[in-house]
4 protein chains.
Amino acid sequence: MVRIEIRVIYGDTDQMGVVYYANYLRYFEAGRSEFLRAKGLTYRDFEEQERLLLPVVEAGVSYHAPARYDDLLGLEIRLTEARRATARFEYDVRRGEDRVASGFTVHACVDTQGRVRRMPRDLIDRLAVGEDLAR
Amino acid sequence: MVRIEIRVIYGDTDQMGVVYYANYLRYFEAGRSEFLRAKGLTYRDFEEQERLLLPVVEAGVSYHAPARYDDLLGLEIRLTEARRATARFEYDVRRGEDRVASGFTVHACVDTQGRVRRMPRDLIDRLAVGEDLAR
Amino acid sequence: MVRIEIRVIYGDTDQMGVVYYANYLRYFEAGRSEFLRAKGLTYRDFEEQERLLLPVVEAGVSYHAPARYDDLLGLEIRLTEARRATARFEYDVRRGEDRVASGFTVHACVDTQGRVRRMPRDLIDRLAVGEDLAR
Amino acid sequence: MVRIEIRVIYGDTDQMGVVYYANYLRYFEAGRSEFLRAKGLTYRDFEEQERLLLPVVEAGVSYHAPARYDDLLGLEIRLTEARRATARFEYDVRRGEDRVASGFTVHACVDTQGRVRRMPRDLIDRLAVGEDLAR
């Protein structure tokens with residue numbers, strides 16, 4: 001599990017005065033980048049060195065409580081599955097103890113031509129450190 | 001079912017050259033607005049006259065094929081459930097015959113203080129016209 | 001001059017209840033695409049066939065009056081300058097007769113390696129049709 | 001002058017592989033919030049306690065060099081003018097020593113009914129600490 005903090009900016013809110021629902025997927029993506037970095041990787045290296053991409057094939061969000069401008073949110077990112085050619089991340093967004101949102105993304109592993117590829121074993125091993133991972 | 005067209009702008013894409021995954025939730029929202037308008041309502045009226053809001057409590061997207069800059073996408077919006085205090089919309093995004101993405105949103109009906117409210121019967125009746133609706 | 005219409009979605013607004021200031025640059029970009037299309041071009045073709053890009057090197061916006069959720073805005077796009085290797089577009093956003101915002105973008109013409117290139121003469125000729133153009 | 005760091009996420013880039021031009025205005029806004037916080041204020045307090053808003057009336061950006069996914073950008077924010085009812089911020093975005101973008105925003109001081117208001121003297125005094133300010 002990796003944890004980052006996100007400060008809500010004005011541009012993230014909508015006229016209801018709360019974070020617009022699509023922006024949680026932006027937060028999740030910022031979280032995935034930091035997850036990889038915390039494991040000693042960067043997604044940029046992953047793309048450039050491995051010539052592999054991890055496009056999102058499915059995403060879901062549950063909205064528990066609104067987040068507001070200037071809130072400092074805590075985002076926890078977990079890698080919960082790493083199969084042959086797919087990976088699943090789960091996300092929890094909190095403000096203090098309050099649960100704001102939770103969600104998941106499922107990713108396929110593809111090469112730069114878009115063909116499905118097996119995820120490199122050593123990559124999974126590195127990502128799995130400290131995770132409670134189905135594989 | 002209501003159908004709208006969406007032209008992909010540069011700002012919707014990411015460096016993979018495809019529509020960024022969060023932006024489908026923006027497309028869905030544009031679709032919901034036009035769905036209401038097609039039924040003779042506007043969400044603005046709904047907020048201002050009924051003093052009710054329909055915040056999203058859950059959302060999900062499946063990504064079938066990438067959409068690219070300048071694509072003209074067709075978005076179909078269906079209201080598939082209207083219960084006591086929740087509603088569910090489903091969405092299909094296509095480019096020509098190709099399926100690009102599909103998804104759903106679940107909405108709660110709340111008043112301006114955030115209390116759950118029963119959805120007005122006449123509202124559901126108006127939205128239900130032409131829909132295959134569980135209620 | 002080319003004119004398009006833009007419907008303000010929830011995701012474009014911020015908690016002040018008005019269109020977030022950065023989103024006018026998104027509107028301008030949607031306008032540029034339609035400007036090119038109206039002249040019989042697409043920016044995608046331009047990139048793919050001419051192997052040229054028109055990145056923005058400068059942009060400015062003046063905000064005259066707020067635009068709100070569900071407003072139907074009219075956006076006028078004019079090409080006002082086409083020099084050796086730069087072009088300037090100007091934009092006016094109105095709601096009915098009311099002026100909402102105005103702005104400009106200046107673009108460089110570069111090849112796919114980022115080197116400045118002369119704008120093709122026939123391209124400028126096509127874009128100039130119906131424009132009051134300094135060149 | 002206040003300085004913050006910004007990590008470029010995938011959602012900030014476009015298909016040219018660089019940060020989409022509108023997103024610099026988002027970065028600037030994140031910078032303004034942190035500028036206020038560094039001076040012991042928050043914009044949220046400002047809105048709620050003073051019942052004043054600082055909407056943007058003009059904005060401009062010059063794009064010097066592209067920023068890319070995963071770049072760690074440094075953003076410097078300066079308050080350069082504080083007049084009777086307007087304020088001007090200036091921004092510099094760098095990646096290491098390289099200048100990526102620069103820009104400005106001009107803000108009006110208005111009350112919650114949108115009427116222009118004199119900026120409170122003690123507010124300007126607090127913001128001016130450490131700034132090279134025309135007033």
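The model is predicted.

Let's start with D:Val93, which sits in strand S5 of chain D, a stretch running over residues 86–95. Is D:Val93 buried or exposed? It counts as buried, because 26 C-beta neighbours lie inside 10 Å, and the cut-off for that label is 20 or more. Leaving aside residues up to four places away in sequence, D:Val93 touches two tyrosines, D:Tyr24 and D:Tyr27. The leucines D:Leu73 and D:Leu75 are also among the residues it touches, and so are D:Val100, D:Ala101 and D:Ser102. Take D:Tyr24 from that list: it is 69 residues from D:Val93 along the sequence, yet the C-alpha to C-alpha distance between the two is 8.8 Å.

Now for the place where chains C and D meet. Each side has its share in this contact, with 15 residues from chain C and 15 residues from chain D. On the chain C side, the elements giving two or more residues are helix H1 (23–38) and strand S3 (56–63). The largest share on that side, eight residues, comes from S3(C). Sorted by class, the chain C side holds eleven nonpolar residues, along with two polar and two charged ones.

Strand S3(C) also has a pairing partner across the contact. That partner is strand S3 of chain D (residues 56–63), and the two strands pair in the antiparallel sense over five bridges. Which residue of S3(D) stands opposite C:Ala59? That would be D:Val61.

Conventions
Residues are numbered from 1 along each chain as its sequence is written. Chains are lettered from A and ligands numbered from 1 in the order in which they are written. This is a predicted model: local features need pLDDT of at least 70, side-chain atom pairs count only at pLDDT 80 or more; totals for chains, interfaces and linings use all residues. Helices (H or I, at least four residues) and strands (E, at least two) are DSSP runs, numbered from the N terminus. A residue is buried if 20 or more other C-beta atoms lie within 10 Å of its own, exposed if 12 or fewer, and partly exposed in between; C-beta atoms are placed from the backbone. Two residues are in contact if their C-beta atoms, placed from the backbone, lie within 7 Å. Ala, Val, Leu, Ile, Met, Phe, Trp, Tyr, Cys and Pro count as nonpolar, Asp, Glu, Lys and Arg as charged, and the others, Gly among them, as polar. Two strands pair if DSSP finds at least two bridges between them.
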